[in-house]
Amino acid sequence: MNRIYINFVFLFVILSCTLRAQIYVSASGDDLNPGTIDLPFKTLTKAMSVAGPDSLIYMRGGTYIISSTITTPKSGLSGKYIKVWAYPGEIPILDFSSEAYGARGIQISKNYWYFKGLEIKNARDNGVYINGGYNRVEQCVIHNNKDSGLQISSGGNNNLIVNCDSYENYDPNTHGGNADGFSPKLDVGAGNEFHGCRSWNNSDDGWDCYAANYASIIDSCWTFRNGINIWGDPSFAGNGNGFKVGGNYTIAAHRVTNCVSFDNVVKGFDQNHNAGGVTIYNCTAWRNQRNYSFPDTLRSGMNIVKNNISFQSTSTPVSFNSRFTEQATNSWQGFTVTTSDFMSFDTLLAKAPRGSDGRLPVNDFLHLAPGSSLIDAGTDIGMLYNGNAPDLGAF
């Protein structure tokens with residue numbers, strides 16, 4: 001066998017092993033190191049440059065002061081993510097406060113990346129911006145950025161956002177406008193999903209699907225206290241909706257299930273001129289100015305609204321265009337809802353620590369009390385339930 005061929009095979013094997021290897025990053029590392037656990041790189045950018053499909057980049061705990069946007073330089077493959085994960089038991093904090101105004105934190109423009117366990121804060125625009133596809137962001141905490149915490153736009157498609165928190169994002173340039181917790185909006189692509197996420201104290205909305213050309217799935221997510229001027233801005237202009245599922249009269253049949261929206265300044269669940277039918281199953285809205293608002297005509301489909309709870313709004317509780325809405329067994333359809341129907345109204349429980357696996361906390365907040373008439377009172381919509389029939393509400 002010729003020596004050149006042997007050397008080529010050896011080099012190929014070495015490169016293949018390197019691209020699949022675990023790579024380590026530490027705030028006290030050095031980019032001249034080989035990226036091992038004992039001699040880690042210093043920057044995520046360096047680690048990403050040598051990673052490939054199936055690579056696992058472990059970020060050690062500590063604070064990383066970052067002065068420019070981190071971008072994904074290449075794509076992984078289906079079933080072979082390029083992973084950027086917190087090292088087990090540690091919290092890497094990516095602090096973008098030294099960036100120039102208008103710079104994003106992490107921009108995921110490529111495909112098949114998997115970020116897990118990171119804290120991302122103080123970006124001078126979005127904390128995370130996704131315009132690639134088939135990416136996963138999990139157990140990340142995104143806060144105090146100058147635009148939406150996490151935004152999917154410009155064709156971003158088939159992205160999965162799981163068990164993430166996004167809070168206190170505020171855009172001073174628009175006096176609180178635009179900065180939402182999560183934003184699948186503005187020419188977003190198809191197939192994006194949010195599961196088990198929380199969004200609170202953002203200057204604009206909890207979720208904003210403005211001008212979304214394709215539907216998103218939002219399941220088992222909580223949003224609260226959005227649109228409250230905690231920044232003392234005298235010209236504050238935040239919208240203050242929980243789940244805003246439309247905008248610009250685009251058609252997008254979003255699906256919202258098992259979600260909770262409370263104490264938002266304006267609406268809990270807001271059609272916002274979506275011209276396509278939206279499905280809302282088993283959600284709970286409490287103490288928003290208006291809990292559900294779907295008054296507009298549609299150009300496609302029907303709004304399907306079943307097994308939901310509305311309680312204690314500060315204005316008209318619900319508004320639906322009956323011609324374009326199919327409703328069944330919602331709390332405003334023949335039920336009387338009182339405080340005795342719930343186990344707890346302690347809002348601090350909504351921000352309780354997540355489980356060790358990243359799942360939302362399990363406690364009594366807004367859960368139905370034993371003996372409530374809302375238990376076993378719903379319509380079978382094909383989702384799993386205990387008892388004789390589905391309960392009303394999110395739990």
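Tutor: In this predicted model, F194 has a relative accessibility of 0% and counts as buried, because a residue is called buried when its relative accessible area is under 20%. F182 also has a relative accessibility of 0%, so F182 counts as buried as well.

These two residues belong to a ring pair. A pair of aromatic rings is described by the distance of the centres and the angle of the planes. The structure holds 31 aromatic pairs. In one of them, the ring centres of F182 and F194 are 5.7 Å apart and the planes stand at 65°, so this pair is edge-to-face. The limit that matters here is that planes over 60 degrees apart count as edge-to-face. F182 lies in strand β16 and F194 in strand β17; the two are twelve residues apart, and the pair links distant parts of the chain.

Between those strands there is a loop. The loop from β16 (182-184) to β17 contains D187, which has a positive phi of about 65° although it is not a glycine. Most residues other than glycine have a negative phi. D187 has a relative accessible area of 47%, so it is partly exposed.

Now back to F194 and its strand. Strands of a sheet pair through backbone hydrogen bonds, either parallel or antiparallel. Strand β17 (residues 192-195) runs parallel to strand β20 (residues 216-219), and four bridges join the two. The bridge partner of F194 in β20 is I218. Going on from there, β20 runs parallel to strand β23 (residues 255-257), with three bridges between them. Here D219 has T257 in β23 as its bridge partner.

Twelve strands form an open sheet with parallel pairing, in the order β1-β2-β5-β8-β11-β14-β17-β20-β23-β26-β29-β32. At the edges stand β1 (22-25) and β32 (325-328); each has a single partner strand, so one side of each is left without a neighbour in the sheet. Neighbouring strands of this sheet are turned by 10° against each other on average, direction ignored.

Elsewhere in that row, strand β8 (residues 113-116) pairs with strand β11 (residues 136-138) in the parallel sense over three bridges. F115 stands opposite V137 in β11.

N307 is found in the loop between β29 (303-306) and β30. N307 is not a glycine, and its phi is positive, about 65°. With a relative accessibility of 0%, N307 counts as buried, whereas D187 is partly exposed.

Ten strands form an open sheet in the order β3-β6-β9-β12-β15-β18-β21-β24-β27-β30, and their pairing is parallel. Its edges are β3 (62-65) and β30 (309-311), each with a single partner strand, so one side of each has no neighbour in the sheet. From one strand to the next the twist averages 10°. Within this row, three bridges join strand β15 (residues 165-167) to strand β18 (residues 198-200), which run parallel, and D165 stands opposite R198 in β18.

W286 lies in strand β27 (residues 284-286) and F345 in the segment after β32, so the pair ties together parts that are 59 residues apart in sequence. W286 has a relative accessibility of 2% and counts as buried, while F345, at 27%, counts as partly exposed. Both residues are members of one aromatic cluster, formed by Y167, W200, F224, F262, W286, F311, F342, F345 and F365.

The largest pocket has a volume of about 490 Å³. Its lining consists of 25 residues, and I91, G117, Q139, V141 and R354 are those nearest its centre. By type, the lining divides into eleven nonpolar, seven polar and seven charged residues.

Technical notes:
Residues are numbered from 1 along each chain as its sequence is written. This is a predicted model: local features need pLDDT of at least 70, side-chain atom pairs count only at pLDDT 80 or more; totals for chains, interfaces and linings use all residues. Side-chain values use heavy atoms; hydrogens and water are left out. Two strands pair if DSSP finds at least two bridges between them. Axes are lines fitted to C-alpha atoms, for helices over the stretch in contact, and angles run from 0 to 180 degrees between N-to-C directions. On a 1 Å grid over the protein atoms alone, a cavity is a set of points where a 1.4 Å probe fits but cannot get out, and a pocket is an open set with protein on both sides within 12 Å along at least five of seven lines; lining residues have an atom within 4 Å of a point. Grid points are joined across faces, edges and corners, and a volume is the space filled by probe spheres set on the points. Ala, Val, Leu, Ile, Met, Phe, Trp, Tyr, Cys and Pro count as nonpolar, Asp, Glu, Lys and Arg as charged, and the others, Gly among them, as polar. Buried means under 20% relative accessible area, exposed over 50%, partly exposed in between (1.4 Å probe, protein chains only). Rings of Phe, Tyr and Trp (its six-membered ring) pair if their centres lie within 6.5 Å; planes under 30 degrees apart count as stacked, over 60 as edge-to-face and the rest as tilted.
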